[in-house]
Amino acid sequence: MTIKRRTFLAASSGTLFGLLGLDLGASAAYARAAVVKRGRMTSTICPYCAVGCGVILIHSDGQLHHAEGDPDHPINCGSLCAKGSAMVQVANNPRRLVKVKYRAPGAAGWEEKDWDWALGRIAENIQRTRDATFQTGDRQGRTVNRTEAIACLGGAALDNEACYAFGKLARALGVVYLEHQARVCHSSTVTSLAASFGRGAMTNHWNDVANADCVMIVGANPAENHPVAMKWVAKAREKGAQVISVDPRFTRTSAVADLYAPLRAGTDIAFVGGLIHYALERGLVEKEYLAAHTNAGFLVDPAFGLDAGLFGPIHEGTYTREHWGFQRDEQGGVKIDPSLEDPDCVFQVVKRHFARYTLPIVSRICGTPQSKLRQVAETFLSTCRPDRSGTILYAMGATQHSHGTQNVRSYAILQLLLGNIGVAGGGINALRGESNVQGSTDHGLLFDFLPGYLKCPSAEIATLADYVAASTPTSADPQSANGWSNYAKYAVSLLKAWWGSQATKANQFAYDWLPKCDGDQSHVAMFEAIDQRRVRGLVLLGQNPAVSGPDVGRVREALEKLDWLVAVDLWETETATFWKRPGATPQEIPTEVFLLPAAASMEKEGSVTNSGRWAQWRTAAVDPPGEARSDLWILDRLAQSLKRRYSAGGVFPDPIVHLTWDYAGAKGPDPHLVAREINGQFLADVELPGPGARFKAGDPVPSFALLRDDGSTASGNWLYCGSYTAAGNQMARREVSRVESDPFGLHANWAWSWPANRRVLYNRAGCDPAGRPWAEGKSVVAYDWQLGRWIGDLPDGAWPPPQKPDASKHPQGKHAFLMLPDGRACLFAPSLADGPLPEHYEPLESPVANLLSPQEANPMARQWRAGDLGSADRYPIVATTCRVGEHWLGGAMSRNLPWLVELVPDAFCEMSRELAQQKGVAHGDRVTIRSARGQITVYALVTGRLKPLEVDGRQIEQVAIVWHFGYEGLATGQSANVLTPLVGDPEAMIPEYKAFLCDLEKEQDEHSS
Ligand code: SF4
């Protein structure tokens, strides 16, 4: 989108500096005007983290000159952090890939190739591997139509349109090993929030943080990792909010908080359990809210309970769950005690469960002083009033654990007890780290989800009817909207989008063409399968697992066993060059490697969805360098090539030959056409009840509510239905609201937010059962009984509230949590693998015993490789990985930029002064860190920000190691993930990066050993 020069200058001289609170003076104004005179301006979205800041790019003659914060953008209002400010060096960088590179088996170097040759050879490899390994049926004779020998990984930095196209092509090929970065960063967010509330995403959005009265930041360091988001934390603080930072380290975020509480890495459930107990013991809970909007009153099976740390019997590695259900009446309805007094009701079960989490025991587990625990409790629990709201911001300090799902569940329970879900300034806000990790998750680049969180079918589900039946929850409560009861409409519309006229009612809309997934094909399982030669070919788009995976020493060795590897990237990454890594012998590595040069964000067009679910469109400012091409162009050429090959013959060709792929634009594939397909269209003339409800074939479907299961609509992702309508591309909207008309800062006409442009999820819970706000100034919606509709933000379900103002039931009224079968948020969530309630367990590697039960670690925790764990006698120090503001994730997008490299040039490990003294290490020394997986040597950063914690009478040391580094780029350093274990969460399969054991020593110089 090109900005008019005059608009920009006006904004620059007024809005921008005013909002920043800076007076840059005449010299800066002159400099800016000089830059603007030289070029055109194009707005874009920052390619780094998922805050989704707007950037103005100034360019001329195909050259990018300058990047600065977009003053009109409602999230960053002109600000950018170090990474966003440096993005001009992504475009202008001699290290960028400009040619296709090819490494022949056993070769010691690259050869340059042209696109036709490379894509032809890749298509040939894909076909050869696929056809040799394709399974139409499994051992039991069930239809599976899949190949387990090709894996696809990528990519949270791709545009939504490329994500969608990648997933669609991979599924058509029968690929079941399909994953992306979200598995290893926030998959436990999806599993926990979906089980608690119905959807697995950030509940509110960035600007809304300013509406909070208390902000608790736990397991996250946004001042470093989401810097511009801190603007909204600061805004809340300016208005009187208290900010709490809970973290093993005193971080940059802690430095600007009102209250800091340390805790031992991996003990979040104990910490939050202590807050829950404190609230329940003192009655600091919103009982009316709980009765109206949660399952607090539901009666649980009286035999349910925790015994010796277990939620009942375990059979063949899984809980039998026989007592996890609710008591039901003769009609199948859940028995409910609205008074919350019945000893079997969820509220009382929760109370008993957390009764053990007293402050003294929590302090002994976490190492947090009791006085700090009390301060945190009293500060955060002060939001237990309808006129106050508190928000929880969290990230990978919470998610990357063997109990990551239950960590986030504990936040959900706390926030529900306080009535903090669905209100302005409330919620549970997952801080996502990549510009489009939300979108790539939404579009199903995960082995177990299709676009829109439809389930990937398994072999045991033979027909579409069975698939729909198995995926559609039922509810005996007539006031439950049961949003997933529309599953058939979303699934059939997806199949129609993918296979068009070939998907007919007679052939179950081509359901058989979807590959059937069985077992675990998650990120770690993928690399285990590569190591075992079950996967022979790997396609990567913008992923660097040789730095970002757990136990990367094994990842790098596993890559040697591939027949072929395709890496699409901007740079030579550690993954693409694994065959010439330090210590490798290229001549002995038979893998054929293709390195394809990709366009960067400012060189292509498409949308990205930020952490707050805002899908924002960005346009190209300059062309990609050399022969680099957009991801969509590469996928398009590959798809065309495969379609041609399979038209001439091959194993099970139909899903490929008949895959809809009509994206041709004037200059290659047109992302608008993909975006339209994602939104969906009518395939027949349709007349629906109601005024104006007539649509012709080809019209865009305006809302997912109009999708149908008879084949008359197609939609590539029902969740994005409404994003590209007859009114145009909603994601490209740029209208900023004024505070007078939009006091909550919803910015409903800026970009587009899923679902249906809703800004605050579950917003009807901000009102009582009759639709009246619990408190003015905290609810973003209200039901107007005279108008007969909700007003304010788009309501989370247009139905009336469940009660009339006279407290009688409204026959058409529905509960607030529409995506849950019972319509109420889940304090008690029996759908999860490791229990309906969070329970404290130690990490798989821990220096102390579990003080709450004899069950040391999560009994359901996933352990991908036996013998991978170390013991505390050899490795007594607790380690966690961390990030810095100047680098980004696996490092390729920052370690190749001179400005960022100058700021942080090498890897380091932060440790306490006490540990440094004990080990004879001085600040700036090189230290060797060992875990059961391997060892690395990095610089020592000795600070007072980490302190030994007193845990059950013992001093426990913790260290934090930055993980951005590897052997490629301008700045190199050893990778922290050499040390991390192959264990993880049972529900989300996220690895436990954030709590493991190590030991360290000062590097022995070569003459002394
Ligand atoms: S990295 Fe994140 S906070 Fe920094 S400018 Fe980009 S989007 Fe904004």
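The answer below goes through the helix contacts, then the sheets, and then the loops and the ligand shell.

Author: This is a predicted model, in which local features need a pLDDT of at least 70 and side-chain atom pairs count only at pLDDT 80 or more, while totals for chains, interfaces and linings use all residues. Residues are numbered from 1 along each chain as its sequence is written, and side-chain values use heavy atoms, with hydrogens and water left out.

Two packed helices are described by the angle between their axes and the distance between the axes. Here the axes are lines fitted to C-alpha atoms, for helices over the stretch in contact, and angles run from 0 to 180 degrees between N-to-C directions. Helices (H or I, at least four residues) and strands (E, at least two) are DSSP runs, numbered from the N terminus.

The axes of helix 12 (residues 268–281) and helix 18 (residues 404–417) come within 9 Å and cross at roughly 15 degrees. This makes helix 12 roughly parallel to helix 18, given that angles under 35 degrees count as roughly parallel, over 145 as roughly antiparallel, 65 to 115 as roughly perpendicular and the rest as oblique. The crossing of helix 12 and helix 18 is left-handed; a crossing has that hand if the near helix is turned anticlockwise from the far one by less than a right angle, and is right-handed if clockwise. From helix 12, the residues D268, I269, V272, L275, I276 and L280 meet Q406, N407, S410, Y411, I413, L414 and L417 of helix 18, where contact means heavy atoms within 4.5 Å. By class, the residues of this contact between helix 12 and helix 18 comprise 9 nonpolar, 3 polar and 1 charged; Ala, Val, Leu, Ile, Met, Phe, Trp, Tyr, Cys and Pro count as nonpolar, Asp, Glu, Lys and Arg as charged, and the others, Gly among them, as polar.

Helix 5 (residues 115–133) packs against helix 25 (residues 631–647) at an angle of about 55 degrees, with their axes 9 Å apart. That angle makes helix 5 oblique to helix 25, and helix 5 passes helix 25 in a right-handed crossing. On the helix 5 side the contact includes W115, L119, I122 and R130, among others, while residues of helix 25 that take part include W633, L638, R645 and Y646. The residues of the contact of helix 5 with helix 25 divide into 10 nonpolar, 3 polar and 6 charged.

In a further pair, helix 15 (residues 359–366) and helix 16 (residues 370–380) have axes 9 Å apart and pack at an angle of about 115 degrees. That makes helix 15 roughly perpendicular to helix 16, and their crossing is right-handed. L359, P360, V362 and S363 in helix 15 meet Q370, L373 and R374 in helix 16, and the residues of this contact between helix 15 and helix 16 divide into 4 nonpolar, 2 polar and 1 charged.

Turning to the strands, a closed barrel of 6 strands runs 35-41-36-38-37-43 with mixed pairing, where two strands pair if DSSP finds at least two bridges between them. Strand 35 (residues 877–882) and strand 43 (residues 996–1002) pair in the antiparallel sense over 3 bridges, and A879 has F996 of strand 43 as its bridge partner.

An open sheet of 3 strands has the order 21-22-31, with antiparallel pairing. Its edge strands are strand 21 (606–609) and strand 31 (752–753), each of which pairs on one side only. Helix 6 (residues 160–173) packs on this sheet, touching strand 21 and strand 22, and its direction makes about 90 degrees with that of strand 21. Strand 21 is joined by 4 bridges to strand 22 (residues 614–618), and the two run antiparallel; T609 stands opposite A615 in strand 22.

Among the loops, G155 is found between strand 7 (143–154) and helix 6, and the peptide bond from G154 to G155 is cis, with omega near -15 degrees. P755 lies in the loop between strand 31 and strand 32 (781–784), and a cis peptide bond with omega of about -10 degrees joins W754 and P755.

Finally, residues around the ligand include C46, C49, C53, C81, K83 and P227, being near a molecule if one of their heavy atoms lies within 4 Å of it. By class, the shell around the ligand has 9 nonpolar, 2 polar and 1 charged residues.
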